[in-house]
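Please consult the sequence and the coordinates while reading the points below.

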Amino acid sequence: MAKIKIMEHPLIQHKIGIIRRKETSSKEFRELVSEIAMFMAYEATRDLKLTDIEIETPLQKTVVKELAGKKLAVVPILRAGLGMVEGMLAMVPAAKVGHIGLYRDPETLKPVEYYCKLPADCEEREVFVTDPMLATGGSAIAAITMLKEKGVNNIRFLCLLAAPEGLKALSEAHPDVDIYVGALDECLNEHGYIVPGLGDAGDRIFGTK
């Protein structure tokens with residue numbers, strides 16, 4: 001069954017409180033989303049395996065830890081997921097980046113695919129899928145299904161806000177995918193938006209509201 005981690009770190013909660021405010025500018029919103037993603041990366045990579053290697057310091061040889069050969073990739077769901085990539089890469093700069101393009105049909109609220117470009121060896125990597133909002137769960141479910149169809153088996157999902165409906169749908173559709181959530185909100189409204197939420201994350205990140 002999927003591991004669901006709701007972030008409780010005071011810095012994450014403080015920064016999420018700021019991005020919820022309607023007066024927060026696009027510039028500040030982008031910076032904060034990146035910072036929150038960076039903090040979340042700490043938790044999402046907590047159980048990566050380490051191995052011992054011998055190195056030489058300026059004084060002597062010693063044994064240190066390094067990641068045990070696990071390749072990483074960050075795959076944002078376009079377009080809002082892009083806002084989390086820089087923060088993730090600040091923590092894992094060697095990670096490759098792929099992109100999945102989905103939009104939500106305003107009538108059916110179902111995801112529609114329009115783009116998918118992944119690293120050539122993505123099936124060998126631990127993949128972190130990013131999307132600021134987990135609302136109905138449709139886009140996340142579709143994106144992860146696409147990854148699995150391309151042979152990717154090690155997947156984690158990171159979002160800033162989630163609605164209970166989306167969290168339930170994603171964990172049931174992909175019980176093998178661990179989910180990391182900045183804050184769990186109350187519900188979805190009649191338009192499929194997270195309440196109290198923070199509005200449209202893509203519009204606020206890119207200044208298109």
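Which residue of strand 5 does V74 stand opposite? V74 stands opposite V97 in strand 5. The model discussed here is predicted.

**Strand 4 and its partners**

- Strand 4 comprises residues 71–78, and seven of these eight residues are buried, so the strand is largely enclosed by the rest of the structure.
- Strand 4 pairs with strand 5 (residues 96–97) in the parallel sense, over two bridges, and the position of V74 opposite V97 belongs to this pair of strands.
- Strand 4 also runs parallel to strand 8, to which six bridges join it.
- On the strand 8 side, T130 is the residue that P76 stands opposite.

**Strand 10 and its partners**

- Strand 10 spans residues 154–162; eight of its nine residues are buried, so this strand too is largely enclosed by the rest of the structure.
- Strand 8 (residues 125–130) pairs with strand 10 over five bridges, in the parallel sense.
- F128 stands opposite R156 of strand 10.
- Strand 9 (residues 133–134) runs parallel to strand 10 and is joined to it by two bridges.
- M133 has L161 as its bridge partner in strand 10.

**Contact of helix 1 with helix 2**

- Helix 1 covers residues 10–20 and helix 2 covers residues 26–44; their axes come within 10 Å and cross at roughly 155 degrees.
- Angles over 145 degrees count as roughly antiparallel, and helix 1 and helix 2 are therefore roughly antiparallel to each other.
- Their crossing is left-handed.
- Helix 1 contributes L11, I12, K15, I16, I18 and I19 to the contact, while helix 2 contributes E28, F29, L32, V33, E35, I36, F39 and M40.
- By class, the residues of this contact are 11 nonpolar and three charged, with no polar residue.

**Contact of helix 4 with helix 5**

- Helix 4 (residues 138–149) packs against helix 5 (residues 164–173) at an angle of about 20 degrees, and their axes are 9 Å apart.
- This angle makes helix 4 roughly parallel to helix 5, angles under 35 degrees being counted in that class.
- The crossing of helix 4 and helix 5 is right-handed.
- In this contact, A140, I141 and I144 of helix 4 meet A169, L170 and A173 of helix 5.
- The contact comprises six nonpolar residues, with no polar and no charged ones.

**I179 in strand 11**

- I179 lies in strand 11, which consists of residues 178–184.
- The relative accessible area of I179 is 0%; since buried means under 20%, I179 is buried.
- Apart from neighbours within four places in sequence, I179 is in contact with K3, I4, K5, F157, L167, L170 and S171.
- Among these contacts of I179 is L170, a residue of helix 5 that also takes part in the meeting with helix 4.
- I179 and V129 are 50 residues apart along the chain, and their C-alpha atoms are separated by 9.6 Å.

Conventions:
Residues are numbered from 1 along each chain as its sequence is written. This is a predicted model: local features need pLDDT of at least 70, side-chain atom pairs count only at pLDDT 80 or more; totals for chains, interfaces and linings use all residues. Side-chain values use heavy atoms; hydrogens and water are left out. Axes are lines fitted to C-alpha atoms, for helices over the stretch in contact, and angles run from 0 to 180 degrees between N-to-C directions. Helices (H or I, at least four residues) and strands (E, at least two) are DSSP runs, numbered from the N terminus. Angles under 35 degrees count as roughly parallel, over 145 as roughly antiparallel, 65 to 115 as roughly perpendicular and the rest as oblique. A crossing is left-handed if the near helix is turned anticlockwise from the far one by less than a right angle, and right-handed if clockwise. Contact means heavy atoms within 4.5 Å. Ala, Val, Leu, Ile, Met, Phe, Trp, Tyr, Cys and Pro count as nonpolar, Asp, Glu, Lys and Arg as charged, and the others, Gly among them, as polar. Buried means under 20% relative accessible area, exposed over 50%, partly exposed in between (1.4 Å probe, protein chains only). Two strands pair if DSSP finds at least two bridges between them.
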